[in-house]
Amino acid sequence: EPGQGTSEEDCLWEPCSPAQYLDQESGCQDCPADQWSTGGNMTSCNNCPDGKGVEPGQGTSEEDCAWKPCSPAQYLDADTGCQNCPAAQYLDQESGCQECPADQWSTGGNMTSCNNCPDGKGVEPGQGTSQEDCVLMT
């Protein structure tokens, strides 16, 4: 209250804005990257969930945390984040995981194309998870 302070110790920090935390030595500070805060008298910021992030001083709630970009060999699943494709599929950057065509195989993961079966051998579309799946064609 005005006029109630008799010494510096009586002074309190003003509440911080959202996306900030209260440092008792220097006052309000922006939350670091990948952290958020509702402000007030919080003395630390909250971490974004794994795989999500936010720019420094921009996170006012967990909802501000967005999925971080995936590596070129992964796709973004809106619920679970960056993912590798399963076996017998390859990653198409435009349309996500796709089944390997007939007579091709893939171990999945970060494959961006499928491998051809050896000459004279083949496999059904989307069924080739290793070269051993390629069988003699009759």
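The model is predicted, with local features requiring pLDDT of at least 70 and side-chain atom pairs counted only at pLDDT 80 or more, while totals for chains, interfaces and linings use all residues. Residues are numbered from 1 along each chain as its sequence is written, and side-chain values use heavy atoms, leaving out hydrogens and water.

## Disulfides

Let us begin with the cysteines. A disulfide is a covalent bond between the sulfur atoms of two cysteines. Here the term is applied to a pair of cysteine sulfur atoms within 2.5 Å. How many disulfides does a search of the whole structure find? The search finds seven. The table shows some of them, including the pair C16 and C28.

| Disulfide | S to S distance | Torsion about the S-S bond |
|---|---|---|
| C16 and C28 | 2.1 Å | -95° |
| C70 and C82 | 2.2 Å | -100° |
| C117 and C134 | 2.0 Å | about -70° |

The link of C16 and C28 is left-handed. What does this pair tie together? C16 lies in the segment before β1 (20-23) and C28 in strand β2 (residues 27-30), so the pair connects parts that are 12 residues apart in sequence.

Buried means under 20% relative accessible area, exposed means over 50%, and partly exposed lies in between, using a 1.4 Å probe and protein chains only. C16 counts as buried at 6% relative accessibility, whereas C28 is partly exposed at 30%.

The link of C70 and C82 is left-handed. C70 is partly exposed at 23% relative accessibility, and C82 is partly exposed at 28%.

For C117 and C134, the torsion is about -70°, so the disulfide is left-handed. C117 belongs to the loop between β12 and β13 (121-122), and C134 to the loop between β13 and β14 (135-136), so the bond ties together parts that are 17 residues apart in sequence. Are these two cysteines buried or exposed? Both C117 and C134 are buried.

## A salt bridge

Next comes a link between charged side chains. A salt bridge is a side-chain nitrogen of Lys or Arg within 4 Å of a carboxyl oxygen of Asp or Glu. The structure holds one salt bridge. Which side chains meet in it? They are those of D34 and K68, at 3.0 Å from N to O. D34 lies in the loop between β2 and β3 (35-36), and K68 in the loop between β6 and β7, so the pair ties together parts that are 34 residues apart in sequence. D34 is partly exposed at 26% relative accessibility, and K68 is partly exposed with a relative accessible area of 38%.

## A hairpin

Now for a pair of strands. Two strands pair if DSSP finds at least two bridges between them. Four bridges join β9 to β10, and these strands run antiparallel. A hairpin connects β9 to β10 through three residues. D92 stands opposite G96 in β10.

## Two residues with a positive phi

Most residues other than glycine have a negative phi. A88 is not a glycine, yet its phi is positive, at about 75°. A88 lies in the loop between β8 (81-83) and β9 (89-92), and A88 is buried at 3% relative accessibility. D103 is not a glycine either, and its phi is positive at about 70°. D103 is placed in the loop between β10 (96-99) and β11, and D103 is partly exposed, with a relative accessible area of 31%.

Finally, let us visit S106. Where is S106 placed? S106 is in the loop between β11 (104-105) and β12 (115-116). S106 is buried, with a relative accessible area of 0%.

The side chain of S106 has a polar atom 2.7 Å from the backbone oxygen of Q89. The side chain of S106 also reaches the backbone nitrogen of G108 at 2.9 Å. Contact means heavy atoms within 4.5 Å. Leaving aside neighbours within four places in sequence, S106 is in contact with several residues, among them A88, Q89, C100, M111 and C114.

Note on methods. Polar contact = N/O pair within 3.5 Å; in protein donor to acceptor, adjacent residues only side chain to side chain.
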